[in-house]
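Trainee: Before I use the labels on this model, I would like to hear what stands behind each of them. Could we take them one at a time?

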Amino acid sequence: MTRAAAWLCAAAVLGAAPAYARLSSWINRDRMIDCGARSGALHEDRRVRAVAARVAAGESLRVAMRESGYIAQQATLLHVSGPRSNRRTARELARGACTVLARAAYRRIGTARRGRQAWIVLASAVALPAAGKDGRFARETLALVNAARASPRFCGGAAFGAAPPLHFDAALAAAALAHSRDMAAHRRFSHRGSDGSTPTTRVRRSGYGRYRRVGENIAAGAMTPAEAVRGWLASPGHCRNIMDRHFHDTGIGFALDPMGPYGIYWTEDFAAR
């Protein structure tokens, strides 16, 4: 949706909403007028509504999102108890949670009601990268990894000096992509493949040739190369792989699972001949 369209949609809910209006319509009205939101209207999303319904039935927000297959970069749950009407529920919500309602990051809304109780889920939708961006994302990841290697750092309690840049290797990239696809297909986040393979097995099968050492980093749920590398650098074991000057070559691949618990899986394989 363009910015102009978003504002047109927002303007449509600023008028007097009819008495039978949905809760989300009243929330949008109060969010814009009383809370001063400037990011446009929240869009009612059936998937977020399904999450809200599961929460109303007793599940936690995290469980409800996982079971609904909904992936969000951010999400929060608001609960209002007391008012019967949607209008009064929205007004009560604006009184107590304007700061949350006005956050620009939230663009999706789902609601559920049971008598005098209402559950409201706000979420920021995740834009999963297109599968065709494999090459670009691999290059971005490699650039970030090499930038990290260029400076000394601590990985846990171990000190590492600056290391030479890693070189992209097509065989390692094929091994990394195959493992990411395997994790996505089986929704199994592990260094061990569904066929029992290990990182060493996969590098051997890739045709990389004789090697002296092999390492592997995996990630799940990171939506960008920067997020994946940031997570690896914060983990001592993964950080050590990145900073190990004995590794010369690397290959990177990701695979999507939009309806799964993580949405995306990453693998970076390291090796040296």
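Mentor: Start with touching: two residues are in contact when heavy atoms lie within 4.5 Å. The model is a predicted one. By that cut-off Met-183 touches Arg-188, Phe-189, Ser-190, Ile-218, Tyr-265, Trp-266 and Thr-267, leaving out residues up to four places away in sequence.

Trainee: Where is Met-183 found, and what makes Met-183 count as buried?

Mentor: Met-183 is found in helix α7, residues 170–186. Buried means under 20% relative accessible area. Met-183 has 1% relative accessibility, so it counts as buried.

Trainee: What makes Cys-35 and Cys-98 a disulfide?

Mentor: The cut-off for a pair of cysteine sulfur atoms is 2.5 Å. For Cys-35 and Cys-98 the S to S distance is 2.0 Å, and a pair within the cut-off is a disulfide. By this rule the count comes to two disulfides.

Trainee: Why is the disulfide of Cys-35 and Cys-98 called left-handed?

Mentor: The torsion about its S-S bond is about -80 degrees, so the disulfide is left-handed. The pair links distant parts of the chain, 63 residues apart: Cys-35 is in the loop between α2 (23–33) and β1, and Cys-98 is in helix α5 (residues 86–101).

Trainee: How do you know whether Cys-35 and Cys-98 are buried or partly exposed?

Mentor: Set each value against the 20% limit. Cys-35, at 16% relative accessibility, counts as buried. Cys-98, at 21%, counts as partly exposed.

Trainee: Which cysteines form the other link, that of Cys-155?

Mentor: Cys-155 is joined to Cys-239, with an S to S distance of 2.0 Å. The link is left-handed, with -55 degrees about the S-S bond. Cys-155 sits in strand β5 (residues 153–155) and Cys-239 in helix α10, 84 residues apart. Both cysteines are buried. Counting bonded cysteines along the chain, the disulfides follow the pattern 1-2, 3-4.

Trainee: What makes β1 and β2 edge strands?

Mentor: The open sheet has four strands in the order β1-β3-β4-β2, with mixed pairing. β1 (43–44) and β2 (72–81) each have a single partner strand, so one side of each is left without a neighbour in the sheet. The partner joined to β2 by nine bridges is β4 (residues 117–125), and these two run antiparallel. Within that pairing, Leu-78 stands opposite Ile-120 in β4.

Trainee: Which helix packs on the sheet and touches β1, β2, β3 and β4?

Mentor: Helix α3 (residues 46–56) does, and its direction makes about 35 degrees with that of β3 (108–114). Helix α4 (residues 61–68) lies across β2 and β4, at about 125 degrees to β2.

Trainee: How do you know that the buried residues of α4 line one face of the helix?

Mentor: Those residues are Leu-61, Ala-64 and Met-65. Seen down the axis of α4, they fall within an arc of 95 degrees, so they line one face. An α-helix has 3.6 residues a turn, so residues three or four places apart point the same way. What covers the buried residues of α4 includes α3, β2 and β4.

Trainee: Why is α2 called mostly covered?

Mentor: Eight of the 11 residues of α2 are buried. Among them are Leu-23, Trp-26, Ile-27 and Met-32, along with Asp-30 and Arg-31.

Trainee: Is Asp-45 buried or exposed?

Mentor: Asp-45 has a relative accessible area of 9%, so it is buried. Asp-45 is in the loop between β1 and α3, and it touches Tyr-70, Arg-108 and Ile-109, leaving out residues up to four places away in sequence.

Trainee: What makes a set of residues a nonpolar core?

Mentor: Its members are buried residues of nonpolar kinds, joined through side-chain atoms within 4.5 Å. The largest such core here has 25 residues, and those with the most contacts inside it are Leu-166, Trp-232, Ile-242, Met-243 and Trp-266. Two or more residues each come from α6 (134–149), α9 (225–233), α10 (236–243), β9 (249–257) and β10 (263–272). The most come from α6, with five. Apart from this core lies another, of 18 residues, among them Ala-90, Ala-97, Leu-101 and Leu-122.

Methods. Residues numbered from 1 in each chain as written. Predicted model: local features only at pLDDT ≥ 70, side-chain atom pairs only at ≥ 80, totals over all residues. Heavy atoms only, no water. Pairing = 2+ DSSP bridges. Axes fitted to C-alpha atoms, helices over the stretch in contact; angles between N-to-C directions. Buried < 20%, exposed > 50% of the residue type's maximum accessible area, 1.4 Å probe, protein only. Arc of directions from axis to C-beta.
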